[in-house]
Structures are given as structure tokens and as C-alpha cells.
Amino acid sequence: MSTSPTAGQGGAPVVDIRGLHKSFGEREVLRGIDLQVAPGEVVCIIGPSGSGKSTLLRCVNLLEQPTAGTVRVLGTDVTDPDVDIDHVRTHVGMVFQQFNLFTHRTVLDNCTLAQRNVLKRSKAEAERVAMANLTLVGLADRAGAHPAQLSGGMQQRVAIARALSMDPHLMLFDEPTSALDPELVGDVLAVMRDLAEAGMTMLVVTHEMAFAREVGDRVVFMDDGQVVEMGPAEQVISSPREERTRTFLQRVVDPTHAAAARGTTAD
């Protein structure tokens with residue numbers, strides 16, 4: 001077992017998932033997933049609600065314990081019972097649907113706490129790193145604010161800055177814009193686009209098809225706990241090969257058409 005994760009040594013995958021299964025009681029949520037993510041690659045996972053997308057992402061950093069299969073992250077088998085998962089997680093940033101900020105702490109405190117407690121950085125160094133990342137997401141001027149004083153989009157950008165302040169080799173995004181009002185989505189996606197352009201390895205669960213097509217190197221379409229289709233982003237979204245992929249994308253792009261096909265009225 002590797003004890004010192006490194007970012008894609010020798011071109012090895014940053015994430016290497018083989019035969020992954022996950023069940024909750026009798027319900028099998030993931031049914032034999034194989035997926036590799038190369039260094040610097042942006043892989044977007046799309047699919048209907050309940051298809052297992054978020055569960056897959058949470059298995060990568062062991063927020064969910066796989067039932068079977070292996071998951072290697074930065075060269076370490078996180079499914080090994082002896083794995084030091086906290087060590088692995090120091091190299092993996094995760095941004096959730098909800099922002100998960102400490103409401104009683106300032107923006108700056110939110111971005112320095114883990115640095116000081118986990119990476120053992122000095123207060124001055126942690127603040128320097130935090131301010132650099134807050135500048136990156138356009139919020140350096142709000143360092144002294146509390147989360148309640150920020151819009152949802154700003155809070156999500158703080159969450160991204162907090163994750164980046166740990167100097168991750170891999171970023172996981174779980175529907176990072178789904179809790180945001182439509183007018184706030186663009187700023188968060190712009191930050192993610194900048195990260196991708198800077199070469200960050202990213203695994204992104206998203207319903208933002210335009211982002212997936214423009215920023216993703218590959219798109220994975222999941223349904224019913226399985227990978228139905230995977231390929232270059234433009235190909236999967238513009239010319240899907242599988243009928244299930246086509247049906248899903250049609251519903252996403254034109255919900256009125258999809259509702260009419262079911263003989264119902266769109267919301």
C-alpha cells in the first residue's frame with residue numbers, strides 16, 4: 001500500500017475504479033463501475049436522479065464504503081482496510097451541493113482551519129494561502145464576512161477556496177450548483193472553468209450540460225447504477241450512441257417536449 005499519494009506519477013491514473021459495487025441494504029446503487037481519471041483530466045458525470053452519481057463520487061474518498069471492487073486514488077488503494085484515509089483526503093478536495101461552511105466563523109477562518117489543524121501550517125502561512133485562493137475565486141474583499149452575509153454563489157466559491165487551500169491533487173465536485181439560484185450559477189462555473197484550464201484533475205457530478213460539453217474532457221452517463229455511455233464530452237452530449245443517453249439529454253434540454261411525450265404538463 002502506498003503511503004504517500006502523488007499526483008499521477010508516471011502518468012498513472014489519479015483515480016482508478018475497478019468493479020465498484022455499493023449497496024444500501026437490499027438496494028444496489030452501484031453495479032460494477034469501471035472508471036479511470038488521468039492527471040489533469042476533467043471528467044463530468046451526468047445522469048438522472050438516483051442513478052448513483054453522488055454515491056460513486058463519495059466512494060472515491062471513502063465517505064461511502066464500497067461493498068465490492070477497488071478504488072485507487074493517487075496510487076493508494078482506499079478500499080484497503082489498513083488505508084490511512086485521512087492522509088489520502090489531505091490531497092483530495094471536495095465541494096458538496098450544500099456549502100458546509102462553519103457559520104460562526106469568518107470566511108478567512110473557514111479557509112485556514114484545516115490548513116492549521118491538518119497541514120500544521122502557521123497562522124500567517126495559512127492566511128497567505130487562504131487569501132491567494134479567495135483572490136482566485138474573487139472574494140478576497142469578503143475575508144472578514146460570515147457565511148450568512150454572503151449569497152449562495154459566494155458561499156460556494158468560499159467552499160472551493162477552502163478546498164484549494166489544502167493544495168489538493170484532485171478535486172471532487174458533487175452537483176456544486178444545484179442549490180444555487182440560476183443567476184448565481186455562472187460565477188461558480190467560471191471558477192471551475194479556470195481550475196480546469198489551470199490543469200486541475202477534476203471529477204464533477206453535474207446537471208450543467210453546457211459546462212460538461214465545454215470544460216469536460218470526457219463525459220460519463222450513468223443510469224441505474226451503471227455506466228451506460230462514456231466518451232469525449234462533445235460526442236456524448238451532441239451525438240450520443242445509446243438510446244438511454246439520448247432520452248436523458250432530450251429531457252434535460254427540452255423538458256416540455258419530454259413532458260408532452262409522457263402526456264403530462266411540464267413544471
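A salt bridge is a side-chain nitrogen of Lys or Arg within 4 Å of a carboxyl oxygen of Asp or Glu. This is a predicted model, and it holds twelve such bridges.

Arginine 58 pairs with glutamate 64, and their closest N and O atoms are 3.5 Å apart. That pair counts as a salt bridge because the limit is 4 Å. Arginine 58 is partly exposed, at 26% relative accessibility. Glutamate 64 has 19% relative accessibility and counts as buried, because buried means under 20%.

The table sets this pair beside two others.

| Pair | Closest N to O distance |
|---|---|
| Arginine 58 and glutamate 64 | 3.5 Å |
| Aspartate 86 and arginine 89 | 3.7 Å |

Where do aspartate 86 and arginine 89 lie? Both belong to helix 2, which covers residues 85–89. They sit three residues apart, about one turn of the helix. Aspartate 86 is exposed, with a relative accessible area of 53%. Arginine 89 is partly exposed, at 27%.

Glutamate 214 is exposed, with a relative accessible area of 56%. Arginine 193 is partly exposed, at 26%.

How many strands form the open sheet? Six do, in the order 6-7-8-3-9-10, with mixed pairing. Strand 6 (92–95) and strand 10 (226–232) stand at the edges. Each has a single partner strand, so one side of each is left without a neighbour in the sheet. From one strand to the next, the twist averages 15 degrees.

Look at the edge formed by strand 6. Four bridges join strand 6 to strand 7 (residues 170–174), and the two run parallel. Within this pairing, methionine 94 stands opposite leucine 172 in strand 7.

## Helices on the sheet

Helix 1 (residues 53–60) packs on the sheet. This helix touches strand 3 (42–46), strand 6, strand 7, strand 8 (201–205) and strand 9 (218–223). The direction of helix 1 makes about 150 degrees with that of strand 7.

Which strands does helix 5 lie across? Helix 5 (residues 152–164) lies across strand 6 and strand 7. Its direction runs at about 170 degrees to strand 6.

Definitions and conventions
Residues are numbered from 1 along each chain as its sequence is written. This is a predicted model: local features need pLDDT of at least 70, side-chain atom pairs count only at pLDDT 80 or more; totals for chains, interfaces and linings use all residues. Side-chain values use heavy atoms; hydrogens and water are left out. Buried means under 20% relative accessible area, exposed over 50%, partly exposed in between (1.4 Å probe, protein chains only). Two strands pair if DSSP finds at least two bridges between them. Axes are lines fitted to C-alpha atoms, for helices over the stretch in contact, and angles run from 0 to 180 degrees between N-to-C directions. Contact means heavy atoms within 4.5 Å.
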